[in-house]
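Trainee: I have a chain to go through. Could we take it one question at a time?

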Amino acid sequence: GVRGAGVVRMSDIQMMGEEQLRVELRKARTELLKEKQKRIIAEEQLQTLRVSTAEAVQQVEAEEEFITNTLMKRLSQLKQEKEKLALQIEEEEEFLTNTLQMKLDKLKREKIEIESQMEQEQEYIVNKLQRQLDELKVENAQLGRRVEELSQPGSPRPSLVTTAPQSPMSSSSNALRARMGSFGEQANSSSSQAE
């Protein structure tokens with residue numbers, strides 16, 4: 001019969017008969033066929049495992065490449081957004097700077113115009129007051145001259161002269177002159193403070 005794992009020794013074969021040898025041969029062939037089938041199955045499983053492993057590796061590599069590409073794309077988007085934001089900030093800063101500069105220039109022009117207008121108005125007021133003061137001086141001189149002539153006994157009453165005499169002014173004209181001079185100084189002082 002078959003010994004152990006089906007291995008037949010030569011001594012056993014010599015003791016067997018022809019019919020028994022045929023039976024053992026058939027058993028051996030059956031065992032060999034089974035072993036071949038096991039080997040084929042094992043090889044198929046091994047091939048399937050290799051294919052599965054290769055597919056898994058390819059899938060992992062594809063996922064890694066997808067993740068890498070996704071991250072690179074997102075990084076590129078963030079970079080573009082950052083550059084766009086920086087450009088917008090720069091444009092807004094430039095716009096604000098230009099706007100403020102325009103307002104500042106406008107305020108300077110308005111200040112110059114106002115100062116010029118105030119100077120013209122002050123000059124007009126000073127000139128007007130000076131004319132009025134000169135007219136008052138002439139009138140006071142005329143009045144003083146008339147008072148002096150009327151104070152002399154037996155002198156006729158002259159009419160008012162149209163030009164200022166060279167004689168000294170009376171105390172009343174001096175007082176009026178002092179008042180008008182003080183008014184002129186106040187006008188000049190106001191002009192200096194406005195400048």
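Trainee: Which residues gather in a patch of negative charge on the surface?
Mentor: This is a predicted model, in which local features need pLDDT of at least 70, side-chain atom pairs count only at pLDDT 80 or more, and totals for chains, interfaces and linings use all residues. Residues are numbered from 1 along each chain as its sequence is written, and side-chain values use heavy atoms, with hydrogens and water left out. A patch takes residues with over 30% relative accessible area and no salt bridge, joining like charges within 9 Å and nonpolar side chains (Val, Leu, Ile, Met, Phe, Trp, Tyr) within 5 Å. The negative patch on the surface is made by Glu90, Glu91, Glu92, Glu93 and Glu94.

Trainee: How are charges assigned and placed for that?
Mentor: Lys and Arg count as positive and Asp and Glu as negative, while His and the chain ends are not counted. The place of a charge is NZ of Lys, CZ of Arg, CG of Asp or CD of Glu.

Trainee: In which helix is glutamate 92 found?
Mentor: Helices (H or I, at least four residues) and strands (E, at least two) are DSSP runs, numbered from the N terminus. The chain has three helices and zero strands. Its pattern along the sequence is α-α-α. Glutamate 92 lies in helix α2.

Trainee: Which residues make the nonpolar surface patch?
Mentor: The patch covers about 350 Å². Areas come from the Shrake-Rupley method with a 1.4 Å probe; for residues, only the protein chains shown count as cover. Leucine 71, one of its members, sits in helix α2, residues 18-151. The nonpolar patch is Phe66, Ile67 and Leu71.

Trainee: Is leucine 71 buried or exposed?
Mentor: Buried means under 20% relative accessible area, exposed over 50%, and partly exposed in between (1.4 Å probe, protein chains only). Leucine 71 has a relative accessible area of 56%, so the label is exposed.

Trainee: What percentage of the chain's residues count as buried?
Mentor: The chain exposes about 16,900 Å², and carbon and sulfur atoms supply 56% of that area. The chain has 195 residues. The buried share is 8%.

Trainee: How many salt bridges does a search of the whole structure find?
Mentor: A salt bridge needs a side-chain nitrogen of Lys or Arg within 4 Å of a carboxyl oxygen of Asp or Glu. Side chains of opposite charge can pair when their charged atoms come close. The search finds four.

Trainee: Which residues are linked in a network of salt bridges?
Mentor: Arginine 22 meets glutamate 18 at 2.8 Å, N to O. The two are four residues apart in helix α2, so about one helical turn separates them. Arginine 22 is partly exposed at 43%, and glutamate 18 is exposed at 55%. The network links Glu18, Glu19 and Arg22.

Trainee: What is the N to O distance between glutamate 43 and arginine 39?
Mentor: These residues are four apart in helix α2, so they are separated by about one helical turn. Glutamate 43 is partly exposed at 46%; arginine 39 is exposed at 51%. Their salt bridge has an N to O distance of 3.9 Å.

Trainee: With which residue does arginine 145 form a salt bridge?
Mentor: Arginine 145 is partly exposed, at 33%. The closest N and O atoms of the pair are 3.0 Å apart. The partner is glutamate 149.
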